[in-house]
Amino acid sequence: DQLRRLYADRIVDTMELSAFKTLSLDAAQPIADRILAMFEAGEVDVVTLVYSRYKSVISQVPTIKQLIPAEVQPG
């Protein structure tokens, strides 16, 4: 909700995944297809995934990962 308040004009889509215990390729493929189509069409030049990484029952860590262009960590 906080990100939506601050960056609503930059958020293309959101997806609620809390109902899934584990994510499979079948769940992720439609998301990947949409991201790639938007990138190839020139609609976006950077794609960033923002999610809560589970640490414990009472703690989730906000995590940001740039997907496109890929950021490669040195060796």
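Trainee: Which helix gives the most to the lining of the largest pocket?
Mentor: Helix 2 does, with 9 residues. Helices here are DSSP runs of H or I with at least four residues, strands are E runs of at least two, and both are numbered from the N terminus. This is a predicted model, where local features need pLDDT of at least 70, side-chain atom pairs count only at pLDDT 80 or more, and totals for chains, interfaces and linings use all residues. Residues are numbered from 1 along each chain as its sequence is written, and side-chain values use heavy atoms, leaving out hydrogens and water.

Trainee: What counts as a pocket, and what volume does the largest pocket have?
Mentor: Its volume is about 2,000 Å³. On a 1 Å grid over the protein atoms alone, a pocket is an open set of points where a 1.4 Å probe fits, with protein on both sides within 12 Å along at least five of seven lines; lining residues have an atom within 4 Å of a point. The volume is the space filled by probe spheres set on the points, which are joined across faces, edges and corners.

Trainee: How does the lining divide into nonpolar, polar and charged?
Mentor: It has 26 nonpolar, 7 polar and 8 charged residues. Asp, Glu, Lys and Arg count as charged; Ala, Val, Leu, Ile, Met, Phe, Trp, Tyr, Cys and Pro as nonpolar; the others, Gly among them, as polar.

Trainee: Back to helix 2. How far apart are its end C-alpha atoms?
Mentor: They are 21 Å apart, which agrees with the 22 Å that its 16 residues should span at 1.5 Å a residue. The expected span is 1.5 Å times one less than the number of residues.

Trainee: What comes after helix 2?
Mentor: Gly42 follows helix 2, and its phi is positive, near 80°.

Trainee: New topic: in what order do the elements run?
Mentor: From the N terminus on, they go α-α-β-β, giving 2 helices and 2 strands in the chain.

Trainee: And where is the cis peptide bond?
Mentor: The cis bond runs from Ile68 to Pro69, with omega near -10°. Pro69 lies in the segment after strand 2.
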